[in-house]
Amino acid sequence: MDSFLTMTAALLLVGSLSSTASRQFDTECYTANGEDYRGCQNQTSLLGGKPCLFWNETFQHPYNTLKYPNGEGGLGSHNYCRNPDGDVQPWCYIADHEDGIYWRYCDIPTCQMPGNLGCFKDSGDPPTLTGSSQTSNKLTVQNCISFCRKQRYMLAGMESGYACFCGNDLDLRRHGQAPSMECNHVCFGDHTQPCGGDGWVIVFDTRVGACGGNYSAPSGVVYSPDFPDKYGAGRVCYWTVQVPGASVILFNFTFFDISDQTDMVELLDGYTNQVVARFDGRTPPRELVNVTGDYVILYFYSDRTNQAQGFAVTYQALRGSRPMDEEEEEEEEDTSTVEPQLGGVTEKTNGRSSQILYVITSSPGKPDHNMPGQWVGPNGTNGYTSKWTIYTLAALLTLTVIVMVTKLLLHVTVKSPNIPTISGSESCSGQSSGSEPWIILYQPSTISLFKKKLKNHHGDLSPLVGN
């Protein structure tokens with residue numbers, strides 16, 4: 001019965017995680033040219049665009065469902081924009097021929113890979129990106145990104161297919177964002193990638209395609225090295241995903257192209273380094289991967305012979321079955337009524353500042369177990385110290401009572417040259433209690449005798465008294 005309930009709970013959790021993954025990111029594309037677009041836009045532009053033809057009715061053209069019946073390239077019995085030939089962006093066939101052209105690119109606002117900041121006008125005065133620049137007849141997106149990243153720039157821009165610009169600041173007020181179709185000039189070094197246009201710059205974040213990195217935000221995207229170019233031979237890269245407070249981290253490979261079985265991608269437990277999942281060219285990921293805990297290592301290896309397009313993997317940290325992004329938004333709304341917490345670190349994610357609480361635990365792999373006596377004292381004081389102070393005072397009071405009782409018994413049973421012995425009959429004769437026993441009880445020699453006993457028996461020494 002218990003195993004059945006456990007299995008049912010696991011299935012429900014996987015279902016909730018799957019629904020969460022489908023809505024965790026706004027973008028619908030993770031490749032530079034939108035080859036992975038599977039959205040539902042069926043016209044060349046949302047405003048005044050031409051309607052697309054159905055792919056199962058375009059038999060006179062090279063791409064149709066008769067030639068690709070198994071859904072290759074996302075084709076099917078629909079008229080949604082797709083990119084089955086690896087062009088610079090999704091497109092579709094149209095009914096109105098203009099100058100013999102029977103297809104058009106689709107301007108899809110949501111089809112923009114993370115790291116692609118958009119297409120911007122470059123008037124030249126001032127330039128869109130004011131840092132270093134270079135030109136090359138072999139320019140690709142990753143060539144430009146690598147050039148700017150080596151010089152520690154945050155942004156890389158490509159224009160006219162051969163020019164690369166670097167910078168750290170993008171003034172959107174001077175350089176308004178334009179439709180993506182303005183930046184679909186092919187790169188001179190790779191005709192499947194967009195490298196801006198004449199007077200238009202396509203801008204990328206230079207963190208895309210880095211070999212390794214550290215991620216602590218509740219959600220994000222990790223790309224293979226040299227992405228969107230093919231990854232190089234002999235690459236060994238590690239990425240750490242550590243989100244404090246997460247109970248599960250969900251991974252979804254939106255794009256996966258690994259050469260063969262020798263090149264591999266692994267997910268490891270960050271604390272034990274045990275392999276949780278392993279993928280290669282023969283065994284690609286076919287479903288979501290759930291890793292329990294808050295610390296995961298993503299490992300990539302390629303041998304010295306093969307190259308391929310690589311991968312794009314999204315991750316989402318969950319606490320229970322809820323995304324941590326939603327919990328942070330709720331915490332921000334309730335900051336005016338929240339009591340001071342024990343401790344925490346402030347992390348800025350997507351323009352928001354949020355506080356992530358932390359506690360000291362006996363094991364880094366089990367952050368949910370609190371230490372004994374851990375609570376918040378009045379007026380925001382450290383409750384841990386306050387509680388142990390109370391314990392210490394209570395223990396000292398108990399020891400004082402024990403001393404009093406012990407010395408009283410010694411006074412009754414032990415014969416001293418200065419103190420007459422009181423027999424049992426005399427103690428029961430109704431004699432009134434004098435002040436002498438109490439004076440003896442509080443003599444300094446008596447207390448010092450007890451202290452010597454504690455020092456001589458280290459095994460009996462209480463940590464509270466010692467401190």
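Me: Is helix α2 mostly covered or mostly open, and how many of its residues are buried?

Reply: This is a predicted model. Helix α2 spans residues 141-150 and is mostly covered, with seven of its ten residues buried.

Me: Which residues of α2 are buried?

Reply: First the general idea. An α-helix has 3.6 residues a turn, so residues three or four places apart point the same way. Now the case here. V141, Q142, C144, I145, S146, F147 and C148 are buried in α2.

Me: What covers the buried residues of α2?

Reply: Strands are part of the cover. They include β4 (133-135), β5 (155-159) and β6 (163-167). β8 (186-187), β9 (190-194) and β10 (200-205) also contribute.

Me: What does the backbone do just after α2?

Reply: Look at R152. Its phi is positive, about 65 degrees.

Me: In what order do the strands of the open sheet lie?

Reply: Six strands make up the sheet, in the order β4-β6-β5-β10-β3-β7, with antiparallel pairing. β4 and β7 (177-178) are the edge strands, each pairing on one side only.

Me: How many bridges join β5 to β10?

Reply: Five, and the two strands run antiparallel.

Me: Where is pLDDT under 50?

Reply: Where pLDDT is low, the predicted coordinates should not be read in detail. Here the chain averages 75, and 67% of the residues score at least 70. Residues 1-25 stay under 50, and the model gives them 26 contacts beyond four places in sequence. Residues 335-385 are also below 50, with 67 contacts beyond near neighbours in sequence.

How values were computed. Residues are numbered from 1 along each chain as its sequence is written. This is a predicted model: local features need pLDDT of at least 70, side-chain atom pairs count only at pLDDT 80 or more; totals for chains, interfaces and linings use all residues. Side-chain values use heavy atoms; hydrogens and water are left out. Buried means under 20% relative accessible area, exposed over 50%, partly exposed in between (1.4 Å probe, protein chains only). Helices (H or I, at least four residues) and strands (E, at least two) are DSSP runs, numbered from the N terminus. Contact means heavy atoms within 4.5 Å. Two strands pair if DSSP finds at least two bridges between them. pLDDT is the predictor's confidence in each residue, from 0 to 100.
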